[in-house]
Structures are given as structure tokens and as C-alpha cells.
Amino acid sequence: MTGAPDTPDGPDGAAAVDGQTAEAAGGVVGGVASGASLDWCHERLRAGSRGAEYPEDRSTVRSMPIVLHLPKNEPPARTPLLEAVAGAVAAVCLDERVAPGGPWHEPYADWLDARMRKIARRARGAPWRAALDVPGVTHEVDGCAARACVPGPVDEVDPRLAKLQIGGTDLARDEPPAPPVGTPVVWIDGALEMSVGKAAAQVGHGVMLLIAEMGRARLDRWIAQGRPVAVREADRPRWRSLSEAVAAGTPGVAAVVDAGYTEVAPGSLTVIAVDR
């Protein structure tokens, strides 16, 4: 797992916020939060979803768009692409722009107040380049890229993203090596056979739970290390062991329980995040 630095948010290296440069949006350039801003980012993730969403009222539904770079001629490997998703979502959740006073704070906080939904879409060529201009953060792992965009109302998606396909995101399963020692892992239940798009959304939620499980000093160390996250599929024996750790309330272990809107049954444990 070789991660690349998060890429700039605008075409010229300036952080783009609703089509404006950061300087025109309050001077908050972006990057990992620090001090009181990081305290807020961490504590808000630890507080979890407030569930202020009513599916029958679409105006209350919020989602984070995740864009997967899937070039046609050279498709990415599944595992590093999902690791890129984890890195991108973590970067947004710890970005100074989502903290109070930042230009992304209101839409981000509204999303956390709802159910923290994520919707993955695929892009290549010009549509991918257009997606890079939508406010958010791109992360790369071993040449595979994903972009986590600023959340918003599910029915008011940026036109540059709305045209991207949600389906067709499947990739062949690969055989990555064992996760590096000391690196947090988001384990996927391989028996569910989720599509890449579904797995991406679950991995994104898993990394948020992972951060929430970290103590403040641990979070500081993890950030200093470059926020590394490994993603792996668990076989049945490992998944049973992980599920037992979740049931026992083992520190540093957290599971995503899916609502069952797509692909899997309600109440399914889809991923289990472990801070090694």
C-alpha cells in the first residue's frame, strides 16, 4: 500500500469552494485540521450520526458523493481503489474546512446530523477531470484514485457528478498481501460479495468509525504517519473472530451495520474497522 498525498482541490492548485478560490471563501485553504478545529472533527465523529433524516421527506436526506476513477483501458485494482476511498473520506472528515467557521462546515455537519449516506459513482476521461473541480479531496493509492466530495442534499447533486453512473463499478477481486503491521485495517465481509461501489460506501463509513475509535493522542500519531489505512476482505474464520470482537466491545474495533437500502439485508455487518 503506497499512498500519495491528497491532491489540490482546484485546477490551478487553489482550493475550490463552490467555484471560488479559498481566499474568496474566508481564507480557509484546506488540509488537515489542527488545534481546536481537529478537536471538533474528532469529537463530532465520536458522537456519531444523530439520525435526523426522514426518508419519506427527501429534503432531509444527505449523502457524500464518492467518485471512483475507473479508466476503461487500464482499470484499477480493487483493493488499492478501496484504500483510496478510505483515504479520501478520512481526509474530508479531518479537513479544517469542515470545522466550525470553515466553508464546508454547514453541509458537512448537516450530513453528520442525518445518516451519513455515501453514494459512489464512476468516472473516466473528461468526466473524471470535471469531478476534480467539485469541492472535495482526491486520494491516490498505488496509482488508483478516488475523490470524496463535500456532502449535500441527495437530490441536489452537482451536475458534474449527477451525470456519472452509479452502477457498473465492479472489479475483479485481487489478492493483496497481508496488511502492514501497525496499520489500521477496514475488513470487508467477503461473503457478501458487494460491488465495488457498495464496498466503497461501506469502507468510507468504516474509516469514519475507525477515527472515532482512536484516542486523541493516537489520532495525532496516525495523522503524522500520513493516515495509512489498509482494506482487506475477510474469510469466514477471520470474520467470525472479528464479529466476536465487536460483540465483546473490544476497544479499537467497530462495525458498520447496513440499513439494507441496497445489495445486502438490513442489519448486515458489512465492514469491521480495526486499529492495529
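**Exercise 1. Helix H6**

Decide whether H6 is mostly covered or mostly uncovered in this predicted model.

Solution. Count the buried residues: 16 of the 18 residues of H6 are buried. H6 is therefore mostly covered, taking buried as under 20% relative accessible area.

Next, check the length of H6, residues 196-213. The expected span uses one less than the number of residues.

**Exercise 2. Cysteines**

Solution. Start with the bond itself. A disulfide joins the sulfur atoms of two cysteines covalently. Now turn to accessibility.

**Exercise 3. Aromatic rings**

Work out how the rings of Tyr108 and Trp111 are arranged.

Solution. A search of the whole structure gives two aromatic pairs. In the pair Tyr108 and Trp111, the ring centres are 5.8 Å apart and the planes meet at 50 degrees. Stacked needs under 30 degrees and edge-to-face over 60, so this pair is tilted.

Then place the pair in the chain. Tyr108 and Trp111 sit three residues apart in helix H3 (residues 105-113), so about one helical turn separates them. Residues three or four places apart in an α-helix point the same way, because a turn takes 3.6 residues. Tyr108 and Trp111 are both buried.

Last, widen the view: ring pairs link Trp40, Tyr108 and Trp111 into a cluster.

How values were computed. Residues numbered from 1 in each chain as written. Predicted model: local features only at pLDDT ≥ 70, side-chain atom pairs only at ≥ 80, totals over all residues. Heavy atoms only, no water. Helix = DSSP H or I, 4+ residues; strand = E, 2+ residues; numbered from the N terminus. Expected span 1.5 Å × (residues − 1). Buried < 20%, exposed > 50% of the residue type's maximum accessible area, 1.4 Å probe, protein only. Phe/Tyr/Trp six-rings, centres within 6.5 Å; stacked < 30°, edge-to-face > 60°.
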